[in-house]
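My notes follow in the order I looked things up.

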Amino acid sequence: MSAIQMRPVVAADLPDLMGLDHSSSSEYVWQLELRREARDALTVAVFREVRLPRPIALTYPNNPFSLIETWTSKAMVLAATSANEMVGYLALTERPSSLAWITDLVVAPRWRRQGAAGGMLSAAQEWVRARGHRRLFLEMQS
């Protein structure tokens, strides 16, 4: 497969982005364990990856078709492409207090586990730094 390039989304990209398979599955979940070390001590949160007995289908939390209505209100929408094929996209919003929030991160199934999401996250980090934001949030399903 050829290299993946990152670029800003244009209106002509929207049908391809909405047409991407937004579904996913997982064989793991994150388990949160809270530990209180002593009576007046700080509570410690420990995250542990736990394997499920069978894969679980995850429903994408946003309506992909709302992208056509909301993409101009996003602070940035980045497309990942390879040889004129849409690989995926990342959208983020800006919030007060030097905060940026990734609202969408989608990679086409045949491109998953090949670095496309990591490349988009790196590009988003650079964009956030250049804009002077101090924090970047990515909301994820468990």
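**Entry 1: a loop side chain**

Before starting, I noted what I call a polar contact: a pair of N or O atoms within 3.5 Å, where, within protein, one must be able to donate a hydrogen and the other to accept it. I also kept in mind that this is a predicted model.

With that rule in hand I went to Asn62. A polar atom of the Asn62 side chain lies 2.9 Å from the backbone oxygen of Thr103, so the pair falls within the 3.5 Å limit. I found Asn62 in the loop between strand E3 (43–58) and helix H2 (67–70). Setting aside residues up to four places away in sequence, Asn62 touches Thr103 and Asp104. Its relative accessible area is 30%, so I wrote Asn62 down as partly exposed.

**Entry 2: a serine on a strand**

Next I looked up Ser26, which sits in strand E2 (residues 24–36). Its side chain reaches the backbone oxygen of Tyr28 at 2.6 Å. Not counting residues up to four places away in sequence, Ser26 touches Leu52, Arg54, Pro55, Ile56 and Leu58.

**Entry 3: the five-stranded sheet**

In which order do the five strands of the open sheet come? I read the order as E1-E4-E5-E6-E7, with mixed pairing. The edges are strand E1 (5–8) and strand E7 (135–138), each of which pairs on one side only. On average, neighbouring strands of this sheet are turned by 25° against each other, direction ignored.

Then I went through the pairings that I had to hand:

- E1 and E4 are antiparallel and share four bridges; here Arg7 stands opposite Ala79 in E4.
- E4 and E5 run antiparallel and are joined by seven bridges; Leu78 is opposite Leu90 in E5.
- Strand E6 (residues 99–107) and E7 run parallel, with four bridges between them.

**Entry 4: is E4 covered or open?**

I wanted to know how many residues of E4 are buried. The count is seven of its seven residues, so E4 is mostly covered, taking under 20% relative accessible area as buried. Met76, Leu78, Ala80 and Ser82 point one way from E4, while Val77, Ala79 and Thr81 point the other way, and all are buried.

**Entry 5: the nonpolar core**

Which residues have the most contacts inside the largest nonpolar core? They are Leu17 and Leu92, in a core of 30 residues. Helix H1 (14–19), E4, E5, E6 and H3 are the elements that give two or more residues to this core. E5 supplies the largest share, six residues.

**Entry 6: one aromatic pair**

My search for aromatic pairs came to a count of one. Trp101 and Phe137 are stacked, at 5.1 Å centre to centre with 20° between the planes. The pair links distant parts of the chain, since Trp101 is in strand E6 and Phe137 in strand E7, 36 residues apart. On the sheet, too, Trp101 stands opposite Phe137.

**Entry 7: positive phi values**

For Ala83, phi is near 50°. Ala83 lies in the loop between E4 and E5, a hairpin with two residues between the strands. At 63% relative accessibility, Ala83 counts as exposed.

For Ser98, phi is about 55°. Ser98 is in the loop between E5 and E6. With a relative accessible area of 29%, Ser98 is partly exposed.

Notes: Residues numbered from 1 in each chain as written. Predicted model: local features only at pLDDT ≥ 70, side-chain atom pairs only at ≥ 80, totals over all residues. Heavy atoms only, no water. Contact = heavy atoms within 4.5 Å. Pairing = 2+ DSSP bridges. Axes fitted to C-alpha atoms, helices over the stretch in contact; angles between N-to-C directions. Core = buried A, V, L, I, M, F, W, Y, C linked by side-chain atoms within 4.5 Å. Buried < 20%, exposed > 50% of the residue type's maximum accessible area, 1.4 Å probe, protein only. Phe/Tyr/Trp six-rings, centres within 6.5 Å; stacked < 30°, edge-to-face > 60°.
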